[in-house]
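Please look over the structure shown below before reading the briefing that follows. The notes are grouped by topic, so that each can be read beside the view.

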Amino acid sequence: MNVSDKREFTVVNQRVLKIDSLGLACGAALFTDDVDVRGLLVGRLLYSPHAHARIRKIDAKAAKAVPGVLAVLTHEDLPRVRHTTAGQGYPEPSPYDTLILNDKARYVGDRVAAVAAETAEAAKEALSKIKVDYEVLTPVFDTMEAMKEGAPVIHDETDSKNIPDARHNVCAKFDFEVKGSEWFSEADVVVDQWYKTHWAQHCAIEPHVTITFFDADGRLVIRTSTQVPFHVRRIVAQSLKLPIKSIRVVKPRIGGGFGSKQEIVLEPVCAALTLATRRPVKIELTRKETFISTRTRHPAVLRIKSGARRDGAITDAHMEIYCDNGAYGPHSLTVMMCAGSHTLPMYQAGNTRFIGRTVYTNLPVAGAYRGYGATQGFFAWESQMDLMAEKLGMDPVEFRRKNYIRLGEGSPVFKAMGEGREGVEQKIASCGMDACFDKGLSAIGWREKKERYKSQAGPKRRGLGCAGLMQGSGIPEVDMASASLKMNEDGSFNLHMGATDLGTGSDTILAQIAAEVLGVGVQDIIVLSSDTDLTPFDVGAYASSTTFISGNAVKKAALHAREQIVKVAAKILDAKAEDIDLKDGKAVAKSGRSCALSEVANTALYYHDQHQIMGVASHYARTSPPPFAAHFAEVEVDTETGQVTVLDYVAAVDCGTAINPTLAEGQNDGAVLNGISYALAEEMAFSPSGAMTNASFRDYKIFSTADAPPLKTILVPTYEPNGPFGAKSVSEIGINGPLPAIANAIYDAVGVRLFAPPFTPDKVLKALKEKR
């Protein structure tokens, strides 16, 4: 019986408990640091106090003499191998511009030396005794200034690779145009506007932590809080000139990532200390170190120039984006590309142009962050949509409805803009956008409140805003995942997969997919994930790929095992294999006869034609079906203080079949709250010399549950034919809505439009004053 295209489910699309929930609730789950390793040394890092400086000389003699210090490493002690820290598929599209330890500091927080000692106190003392003679250079901190002729050149070395224009600090660039007519010749309305987004940190509750040691066979084991175990293995091997076969990477439970742990930040230097000492080493960053020396969201300067006819049809879509990558270039091309590739196809236009540049500055390094460019792009585009609707005299929701991409339609952007290479031509095979708008409008009470808020009095004014969104599901013809399944005597299954659970519940939803195929419950699927020795390859958890890419691999592996099960069951039941179904832990024939899966397993293992029933499969996608969403925000603006309060927030999202609705809602809720926090509070601040001045949770505000407004996620079911049981991604799209939805709601409330978040009281008051 064909289960591949079934739409009535017993395990999938059910609110199954997370398989690790009890262990996490009881504190039994083991995170990276929850192990006792005999002889473990403390690793610490020395950071540059200068934003731009060349190291003339570095003297570590006094540091090495500190009792308890076993190793002090500088750039002189390590292979000079330029690499990228971006955990992306090989060959990575990011510049190879990074060394494990540097001979030139490019931001305040750049790594200069590393120490391994018996105690934290000895390591701290050793760091204080390292003498560094710096030649201080002129820094550049402004995104647009960095590209100008005569600006300080941040990467003037000759051994870096894949930097398109180092002399102008451009680490990535891409231009694209499709033109059906002369630009703006058919437009009755034209809007030309600049936008700016800001620095922000991921703020995963677990900071970056890595433990490295040698096993009994002399192989290097890296136990680390990462999203990309297989990329860690490859990049550590590359940067330290080690054979891949000598390295094992293990990802235990992880306390959040949001993209920050897609970077290979600690693993190479921690491994270098283990190689130098032949002892286990742990590096665990403090919160301050996490802020200044890991990764951030790319700030961006954007220009949107768009045109439309009087009937509301968009004629022209011109987009420019200038991303700031900070001192190094991980994800420089792909974040900039996603800012266009996830936004431009959303609304169909006759003329489309994209101009993208990512630049180096002497500020902390940007990298992958949930939303990955689309957050910046949708702030500009969805603010622009409201500006255009107002100029046309149209309702903003109806203007969006008229123009969004529909079922069966494609876009030239899909093929032109891939991630590091040409994209893939594709057409929309599932889209619940209309239902997202309908359900969201109803849940927020849009029409009733719009009418009510026309006659407001007093200092506190309320308004409503909306945003339409799309994202992607993995990177087509780039991402790949694999999985294996082994059947046990009791009818249970071991599921091994390289997919990386970040606390998102991917272990659970992938077990649900396997269980649906095999006719068992989730309790019969024993999951092991993220160990490069024991699990098959997976690119890791990023690009909203796990459900779609890894889920399809698990489904294929389960189908492979199912084929073998029904063949054995057919012999037991004296029936045809095609007449066998699997359900409730049994193989059931059309005649009604059945046998337990345990009998099938034992027959295969011990009695007839003895063999191990197991399934192995990989999945490599040729499409990236977008989830769609409509977001609605209700805000109250205090015109005396400038305070913006979100009173209600509704996010209706089409993620295809929600494999686990509870986990899908949780992912979207978390993404939305993350986005609200970014819109209203979060911002990294820097001194005139480039040092971060608010590198702690006392000074850097993030929203907690106490700050959360009423928030409702509505899952809009569709069926994506290319996804496992109709599923698409859900984890990132939610963060892209709050910036524009809240900005549009502020304008609706008090008539001022903010083009540069966060929307703090000072900015609101300034805008209100300028309006008066």
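A residue is called buried when its relative accessible area is under 20%, exposed when it is over 50%, and partly exposed in between, using a 1.4 Å probe and protein chains only. This is a predicted model, in which local features need pLDDT of at least 70 and side-chain atom pairs count only at pLDDT 80 or more, while totals for chains, interfaces and linings use all residues. Residues are numbered from 1 along each chain as its sequence is written, and side-chain values use heavy atoms, with hydrogens and water left out. Helices (H or I, at least four residues) and strands (E, at least two) are DSSP runs, numbered from the N terminus.

**Domains**

- The domain assignment, whose bounds come from an automatic or database source, gives domain 1 (3-30 + 480-620), domain 2 (41-137 + 202-293), domain 3 (141-188 + 304-426) and domain 4 (429-475 + 622-772).
- Between the C-alpha centres of domain 1 and domain 3 the distance is 41 Å.

**Glutamine 512**

- Glutamine 512 belongs to helix α14 (residues 506-518), and it counts as buried because its relative accessibility is 0%.
- Its side chain reaches the backbone oxygen of valine 11 at 2.9 Å; a polar contact is a pair of N or O atoms within 3.5 Å, where within protein one must be able to donate a hydrogen and the other to accept it, and residues adjacent in sequence count only if both atoms are side-chain atoms.
- With contact meaning heavy atoms within 4.5 Å, and leaving aside neighbours within four places in sequence, glutamine 512 is in contact with residues including Val11, Asn13, Val522 and Asn660.

- Helix α6 (residues 267-277) is largely enclosed by the rest of the structure, because nine of its eleven residues are buried; among them are Glu267, Cys270, Leu273 and Thr277.
- Just after α6, arginine 278 takes a positive phi of about 60°.
- Proline 330 sits in the loop between β14 (314-324) and α8 (332-341), and with a relative accessible area of 1% it is buried.
- Not counting residues up to four places away in sequence, proline 330 touches several residues, including Thr84, Ser94, Glu263, Arg295 and Gly367.
- Arginine 295 is 35 residues from proline 330 in sequence, and their C-alpha atoms are 9.4 Å apart in space.

**Backbone exceptions**

- Most residues other than glycine have a negative phi, and most peptide bonds are trans.
- The peptide bond from tyrosine 90 to proline 91 is cis, with omega near -5°, and proline 91 lies in the loop between β3 (69-73) and β4 (104-105).
- A cis peptide bond also runs from proline 757 to proline 758, with omega near 0°; proline 758 is placed in the loop between α18 (738-750) and α19 (761-771).
- Phenylalanine 184, although not a glycine, has a positive phi of about 65°; this residue lies in the loop between β7 (170-178) and β8 (189-197), where it is buried, with a relative accessible area of 17%.
- Aspartate 609 has a positive phi near 45° and is found in the loop between α16 (597-607) and β23 (614-620), where it counts as exposed at 58% relative accessibility.

**A four-stranded sheet**

- Four strands form an open sheet in the order β16-β24-β25-β26, with mixed pairing, two strands being paired if DSSP finds at least two bridges between them.
- At the edges stand β16 (460-470) and β26 (711-715), each with a single partner strand, so one side of each is left without a neighbour in the sheet.
- From one strand to the next, the twist averages 10°.
- β16 pairs with strand β24 (residues 628-638) in the antiparallel sense over eleven bridges, and glycine 468 has alanine 630 as its bridge partner in β24.
- Helix α10 (residues 396-403) lies across β16 and β24 and runs at about 5° to β16; axes are lines fitted to C-alpha atoms, for helices over the stretch in contact, and angles run from 0 to 180 degrees between N-to-C directions.

**Packing of α9 and α18**

- Helix α9 (residues 374-392) and α18 pack at an angle of about 30°, and their axes are 8 Å apart.
- Residues making this contact include Phe378, Phe379 and Glu382 of α9, together with Leu739, Ala743 and Tyr747 of α18.
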